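Here are some notes to keep beside you while you look through this structure for the first time.

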Amino acid sequence: MKKAHGFTMLETLIAGVIGIMVLGAATIAVLAITNTLNLQKARAGLDEESKLLADYLMAKIQSAGNEYIRPWAVVYAHDAGSSRISHQIDEDQRSDAITIGQPLGQDMTVETWNWTLGNKSIDVTAKATKVCGQCPSYEGKHVVIYNSTQTAYYPAYITKQESSVVTSGECNGDTANDKTVVVRCRYDLEPSKAGAKPINSHLIYGVNSDLLSMQEVTFETYYLVIRELFKIHQLWGYKDHNNNGRPDATNDERFTLANDVYDLQISMGYDYAPQDRRLPDYESSDDEWFNNSVNDCDAIVESATDFNNDGYLVPTGAQPKQLRMAAIGITVGKRIRGIGRDKKFSFVQHFNGACLNPYGYHLRGTKSRAMLRSLNLYEP
Ligand SMILES: [Ca+2]
Ligand SMILES: [Ca+2]
Ligand SMILES: [Ca+2]
Ligand SMILES: [Ca+2]
C-alpha cells in the first residue's frame, strides 16, 4: 500500500523556521524603513528648529545698536560663557553666550558733562530733552555713555538720579523755545554687568573732551542651561534688571526660548588682516574669524588682545570697530531609538565648541552668518 504523502516532522519544522525567518526578515525590513522614516522626520524637524533659532538670534544681532550705537559696542560674544552665567555643573560644556544691546532712542542733546571723583556719578547739562525741563529717567536702567566720535563706550547702570534743575530758559509749550531750555541732570552710576564691555573708556572718564551721548540700552544675553542629570538642555535669555550680573529667577529677568538645545557657538568676523572688506574663514587661527577654530574636537585657543578695550577681547591685531560679521552655530537634538542611535549619524561640532555625539540622541546643527546690518552707515 502506497503510503500517503505527508510532511514529516522535520519538513514541518524546517518550513516553520523558514516561515519565521521570512516573517522576521520582513519585520526587520519594516522596522528599518520605519526607523529610517522616523529618523528622516526627526532630522527634518531638527533642521527646521535649529534654523529657526539661528535666524531668531541672527535678526537680533543684525539690528543691534539700531542707527544710534555702533554694533561692536553692544554685541559681545562670550566664549564658553554659558557655563559662567548658568553655573553649569557638567564638565566638557563650553557653550557660548551672546549679549545684544538695543538702544531706546535719543532722549537729549548733551551740552556739557563731567564725571565726579571715582567715576561714581556724572553731571550733564542737556537740552532738547524729550520732556521739556526733565532729565530722561534712567534710574534702575542700563545706558551706554559714548563720545561723539564713537571711539569710546562705557556701559553703565544708573543706581540713582537727582531731580532735574532747569538752568536756562523756561518751558512754555512752544516747540522751538522748549528745545533751547537747558536742564542739569545728575546720575549716580556703576559699571553695567549686563554683558557688554567698555571700549577705550579712558577717553571719556573724567575728561570733558568731545560731546557726549547717553542712551538707554536694553541688553539681552542668550546662553544655554545644560544639566545632563536632569536631561535639561535649554536656550535661555535674560535681562539683568538689577545689575548683579546674574539671571535671577525673580523680577522677570529670565525666560526659556527653546528646549533640546545642545550647543550654542558664536564666532565674530573682524576685517583687519588686511582690512579689505573680505573675511576669509579657514576654520583656523590664521583667518579673520575669532573663536572659529576646530581641530579634531580639540579647541585651538586663538590669541586675543585687549589693548584699551577694557576687557573686550578681539583677535590679536584687531580692534573692536573692525567687527563686520557674526556667525552662529546651534545644535538641537532629540532622543531616538533604533538606527538613529548610532553615534556616527549625529556627530556635531561648531567652531571651537565641544564635539558632541551623545549615545541615544540624534543631533543636528545649523550654521548661519551675516553682516552686521547697520555697518554700511559707518564704514570708512
Ligand atoms: Ca566658542
Ligand atoms: Ca540680575
Ligand atoms: Ca580682510
Ligand atoms: Ca580664526
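This is a predicted model: local features need pLDDT of at least 70, side-chain atom pairs count only at pLDDT 80 or more; totals for chains, interfaces and linings use all residues.

Which residues touch the most other members of the largest nonpolar core?

1. In its largest nonpolar core, which has 78 residues, the ones that touch the most other members are Ala73, Val74, Val144 and Ile145. Strand S9, covering residues 212-227, is the element that gives the most to this core, with nine residues. Domain 1 (46-101 + 218-378) and domain 2 (109-217) each give residues to the core, so the core lies between the two. As background, nonpolar side chains tend to be buried together in soluble globular proteins.

2. The chain is divided into domain 1 (46-101 + 218-378) and domain 2 (109-217). Between their C-alpha centres there are 32 Å. Domain 1 puts 21 residues into the contact, and domain 2 puts in 20 residues. On the side of domain 1 that touches domain 2, the elements giving two or more residues are helix H2 (71-74), strand S2 (97-103) and S9. S9 gives the most to that side, with three residues.

3. **Overall form.** Four helices and 19 strands make up the secondary structure of the chain. Is the chain more spread out than a compact globule, or less? Its radius of gyration is 29 Å, well over the 21 Å that the globule rule gives for 380 residues, so the chain is more spread out than a compact globule. The C-alpha trace spans about 135 × 45 × 35 Å along its principal axes.

4. **Burial and contacts across the chain.** Of the chain's 380 residues, 38% count as buried. Taking the contacts with a separation of 6 or more, 67% are between residues 24 or more positions apart.

5. **An open sheet.** Now find the open sheet of four strands, whose order is S13-S12-S18-S19 and whose pairing is antiparallel. S13 and strand S19 (361-371) stand at its edges with a single partner strand each, so each has one side without a neighbour in the sheet. Helix H1 (residues 9-62) lies across S12, S18 and S19, and runs at about 30° to S19.

6. **Strand S12.** Strand S12 covers residues 261-270 and is mostly covered, with 10 of its 10 residues buried. S12 pairs with strand S18 (residues 323-335) in the antiparallel sense, over nine bridges. To follow this pairing on screen, look for Gly269, which stands opposite Met325 in S18, and for Val261, which stands opposite Val332 in S18. S12 is also joined by two bridges to strand S13 (residues 289-290), and these two strands run antiparallel. There, Met268 stands opposite Phe290 in S13.

7. **Strand S18.** Why can S18 be called largely enclosed by the rest of the structure? It is because 10 of the 13 residues of S18 are buried. S18 and S19 form an antiparallel pair over 11 bridges. Ala326 has Ala370 in S19 as its bridge partner.

8. **A closer look at Ile158.** You will find Ile158 in strand S6, which covers residues 153-161. Is Ile158 buried or exposed? With 23 C-beta neighbours inside 10 Å, Ile158 counts as buried, because the cut-off for a buried residue is 20 or more. Leaving aside neighbours within four places in sequence, Ile158 is in contact with Tyr138, Glu139, Gly140, Lys141, Val143, Tyr187, Asp188 and Leu189.

Technical notes
Residues are numbered from 1 along each chain as its sequence is written. Chains are lettered from A and ligands numbered from 1 in the order in which they are written. A nonpolar core is a set of buried Ala, Val, Leu, Ile, Met, Phe, Trp, Tyr and Cys residues joined through C-beta atoms within 7 Å. A residue is buried if 20 or more other C-beta atoms lie within 10 Å of its own, exposed if 12 or fewer, and partly exposed in between; C-beta atoms are placed from the backbone. Domain bounds come from an automatic or database domain assignment. Two strands pair if DSSP finds at least two bridges between them. Two residues are in contact if their C-beta atoms, placed from the backbone, lie within 7 Å. Axes are lines fitted to C-alpha atoms, for helices over the stretch in contact, and angles run from 0 to 180 degrees between N-to-C directions. The radius of gyration is taken over C-alpha atoms; the globule rule is 2.2 Å times the number of residues to the power 0.38.
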